[in-house]
Amino acid sequence: MTGTNLLDLDPAGLQAYFAAMGEKPFRATQVLRWIHQRGASDFEAMTDVAKSLRSKLALSARVEPPQVVGDSVSEDRTRKWLIKVDGANAVESVFIPETRRGTLCVSSQAGCVLDCAFCSTGKQGFNRNLTTAEIIGQLWIARRELGSGSQPGERIVTNVVMMGMGEPLLNLDNVIPALRLMLDDNAYGLSRRRVTVSTSGVVPGMDRLAEECPVALAVSLHASNDALRDQLVPVNRKYPIKELIAACNRYLDRAPRDFITFEYVMLEGVNDADANAHELVALSRRIKCKFNLIPFNPFPNSGFARSSAERIRRFAEILQRADLTVTTRKTRGEAIDAACGQLAGDVADRTRRTRIDIDVPVKEVRA
Ligand code: SAH
Ligand code: SF4
């Protein structure tokens, strides 16, 4: 297919595209709704758009979502799509249904340059940035596959987390237009508080996101001091904890929520001692934050092991005693090889078995 892929355009971009064709702004809004609210990809189906405009669009534009090359559902209804990038490369997007919400975990890059020590995406190296169409396409596909709910206005996907493969803040040129579509009332209409970007701490990207499209922010802290974080999250050598905290505080001036979520992967004997928890308590005095403890998801030759349930409980307790809010991500199901933050994505490598992550209050954690 040729022509401009309209999935690459955010609402303002679509307006500009229509203006350049000499069309009125409301035509762009109509088409935006057809594409993102009704999942249309064929201009002929857009029946309230003038026939002459439909023909014009068919010549100059297309609506081309990325190709789905794998689709699996686990017994707990968690669903994973494998999205073709190019050649044998693919990324994953995962839908996690819960009682009162449905969360889609979206990828932003094929691979990642940042090479965190415990991350299987990082171990694959970097392939390329996803386009806006490939990022928003994951939500477009989820809506197509899951439907939009049985009641008028009902949403199946209520939350989006940019916690799939890649570092979203290193691909903001494509991530920001996708976020704008997620938030736009004529597209997906999600609230800013229900769209979360997760970053390993790319400070300039945090400032740009705050400026251009503030949404909820999660920061992958994973260590309680610089010496340890330099090892686990190498981008810390460039933006150490002090700068990261300062950036978090700047972010909160613009953010839709009044706290930052710190993600902390629990690695046995590496970052899970009582002393680490006490360091986190000290650090938390400098920023309004909540903690999300993530039991490490092992993969072959990672060199790390998951902290025991008892260790995680004790670690959480120290934070809670200091009046911090702590959740621990519960692993549920092993059926479909899909853990946010530990996605493989390579079509050729489908042999690993991982787990699915859900956030639950820490007291519910079991071995
Ligand atoms: N690049 C971004 C977002 C993608 S990773 C970031 O790093 O924040 C989403 C989360 O999963 C991050 O907190 C990441 O550190 C974590 N993660 C990566 N590998 C993991 C593993 N093997 N087990 C548990 N969590 C992991
Ligand atoms: Fe990249 Fe995030 Fe994995 Fe680190 S944890 S390598 S930033 S995807």
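Tutor: Let us begin with a definition: a disulfide is a pair of cysteine sulfur atoms within 2.5 Å. By that criterion the structure holds zero disulfides. Cys289, for instance, is in no disulfide, and the nearest cysteine sulfur, that of Cys248, is 8.6 Å away. The model is predicted: local features need pLDDT of at least 70, side-chain atom pairs count only at pLDDT 80 or more, and totals for chains, interfaces and linings use all residues. Residues are numbered from 1 along each chain as its sequence is written, chains are lettered from A and ligands numbered from 1 in the order in which they are written, and side-chain values use heavy atoms, with hydrogens and water left out.

Student: Why is Cys289 called buried?

Tutor: Buried means under 20% relative accessible area, exposed over 50%, and partly exposed in between, with a 1.4 Å probe and protein chains only. Cys289 counts as buried because its relative accessibility is 10%. Cys112 counts as buried because its value is 11%.

Student: What are the average pLDDT of the protein and the share of residues that score at least 70?

Tutor: The pLDDT is the predictor's confidence in each residue, from 0 to 100. The protein averages 90, and 89% of the residues score at least 70. Over residues 346–367, however, the pLDDT is below 50, and this stretch has 79 contacts in the model beyond near neighbours in sequence. A contact means heavy atoms within 4.5 Å.

Student: How many helices and strands does the protein have?

Tutor: Helices (H or I, at least four residues) and strands (E, at least two) are DSSP runs, numbered from the N terminus. The protein comes to eleven helices and 15 strands. Buried residues make up 54% of its 367 residues.

Student: What makes strand S12 largely enclosed by the rest of the structure?

Tutor: Strand S12 (residues 260–266) is largely enclosed because six of its seven residues are buried. Strand S11 (residues 216–220) is mostly covered, with five of its five residues buried. On one side of S11 lie Ala216, Ala218 and Ser220, on the other Leu217 and Val219, and all are buried.

Student: Why do the residues of a strand divide between two sides?

Tutor: The reason is that side chains in a regular strand alternate between the two faces of the sheet. In strand S9 (residues 159–162), Asn159 and Val161 point one way and Val160 and Met162 the other way, and all are buried.

Student: Where does the pairing lead from S10 (residues 195–199)?

Tutor: S10 pairs with S11 in the parallel sense over four bridges, and Val197 has Leu217 as its bridge partner. S11 and S12 are parallel over three bridges, and Ser220 stands opposite Glu263. Seven bridges then join S12 to the parallel strand S13 (residues 289–295), where Asn292 stands opposite Glu263.

Student: Why is Trp81 called buried?

Tutor: Trp81 counts as buried because its relative accessibility is 0%. Trp81 lies in strand S4 (residues 79–86). Not counting residues up to four places away in sequence, Trp81 touches residues including Val68, Gly70, Phe95 and Leu146. The C-alpha atoms of Trp81 and Gly70 are separated by 5.5 Å, although the two residues are eleven apart along the chain.

Student: Is Arg77 buried or exposed?

Tutor: Arg77 counts as exposed because its relative accessibility is 57%. Arg77 lies in the loop between strand S3 (68–73) and S4. Its phi is near 75 degrees, a positive value in a residue other than glycine.

Student: What makes Asp115 partly exposed?

Tutor: Asp115 is called partly exposed because its relative accessible area is 37%. Asp115 is found in the loop between strand S7 (109–111) and helix H4 (120–123), and has a positive phi of about 55 degrees although it is not a glycine.

Definitions and conventions: Two strands pair if DSSP finds at least two bridges between them.
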